[in-house]
Amino acid sequence: VLVSALCLDKAICRERADRFSLPGAKWIAPPLGLSPEGAMEMAEAALGYPMFIKPRSLGSSIGARGISCREDFYSAYTEASDGLKRRVIIEEHVDIDSELEISVIRHKGKYIFTKVGKIKNEFGFYSYGDKYSPTSPTTVDPKPCIPRDIEEKILGYARAIVSSLEIRSLARVDFFLDKSGKIYFNEINTMPGFTASSLFPNLFFEMGIDACELLQMLIEEALS
């Protein structure tokens, strides 16, 4: 429960990732209740435009928006913070080419990592609608052609953060790949999607572990 809470808070998770030198976008976390004017001044000084703002402890891209100029900041910050009642994280803009994700479970005292899967969105930002709409322009690929050096780096980063946090049971570790080929750590999801189209089970399926076997392994881990 503690580890899931730490991972759910994007700022605390990023602090841990920074401590282990995982590459990531520059970010700030304004204090709870800071006015839009104060947050704008803080973000402009640390990041500059364009930037990206999202709630610290929500998922599925809810409340997340890109900001290209000062005129967009007030409404985006107010929405993400739910009228200053919710903590937010603000990041520098990353020119995203794709999202790369790796799944992991812990079973019989050992971590089992999958290969890297890929989410490609022609608009760059993987929005709530893109994730759940049947007409989404996004493609999800559990067996993409990824350069070996990039896959090895992502596996190394995932191993470092998962073992340092002592994650149990299951998780999905998410990264961005920008258009120059640079990797950015994004976040960890300790209760990832488990639908027919979700990358988490499909990455294990590519390893020869189907959904029934995966569930059995998770149940055994929970009871151990």
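# Reading salt bridges, helices and cores

Mentor: Let's start with a pair: Arg 14 and Glu 91 form a salt bridge, with the closest N and O atoms 2.8 Å apart. Arg 14 sits in helix H2 and Glu 91 in strand S4 (residues 88-92), so this pair ties together parts 77 residues apart in sequence. This is a predicted model, where local features need pLDDT of at least 70 and side-chain atom pairs count only at pLDDT 80 or more, while totals for chains, interfaces and linings use all residues. Residues are numbered from 1 along each chain as its sequence is written, and side-chain values use heavy atoms, with hydrogens and water left out.

Trainee: What counts as a salt bridge, and how many are there by this rule?

Mentor: You look for a side-chain nitrogen of Lys or Arg within 4 Å of a carboxyl oxygen of Asp or Glu. By this rule the count is 12. Helices (H or I, at least four residues) and strands (E, at least two) are DSSP runs, numbered from the N terminus.

Trainee: Are Arg 14 and Glu 91 buried or exposed?

Mentor: Buried means under 20% relative accessible area, exposed over 50%, and partly exposed in between (1.4 Å probe, protein chains only). Arg 14 is buried, at 2% relative accessible area, and Glu 91 is buried too, at 6%.

Trainee: Which residue forms a salt bridge with Glu 187?

Mentor: That's Lys 10, and their closest N and O atoms are 2.9 Å apart. This pair links distant parts of the chain, from Glu 187 in strand S9 (residues 183-189) to Lys 10 in helix H2 (residues 10-19), 177 residues apart. Both Glu 187 and Lys 10 are buried.

Trainee: And what about Arg 70 and Glu 44?

Mentor: Their side chains meet in a salt bridge at 2.6 Å, N to O. Arg 70 belongs to helix H4 (residues 70-80) and Glu 44 to helix H3 (residues 36-46), 26 residues apart. Arg 70 counts as partly exposed at 48% relative accessibility, and Glu 44 is partly exposed at 24%.

Trainee: How many disulfides does a search of the whole structure find?

Mentor: For a disulfide you need a pair of cysteine sulfur atoms within 2.5 Å. The search finds zero.

Trainee: Which residues are buried in H4?

Mentor: Phe 73, Ala 76, Tyr 77 and Ala 80 are. They cover an arc of only 100° around the axis, which puts them on the same side of H4; the arc is taken from the directions from the helix axis to the C-beta atoms. Using contact (heavy atoms within 4.5 Å), the buried residues of H4 pack against H3, strand S2 (51-55), strand S3 (65-67) and S4.

Trainee: What is a nonpolar core?

Mentor: Picture a set of buried Ala, Val, Leu, Ile, Met, Phe, Trp, Tyr and Cys residues joined through side-chain atoms within 4.5 Å. Here the largest has 24 residues, and those with the most contacts inside it are Ile 102, Ile 154, Ile 161, Val 173, Phe 185 and Ile 188. Elements giving two or more residues to this core include helix H6 (148-165) and strand S8 (170-178). H6 provides the largest share, six residues. Apart from this core lies another, of 14 residues, among them Met 51, Ile 67, Tyr 77 and Ile 90.
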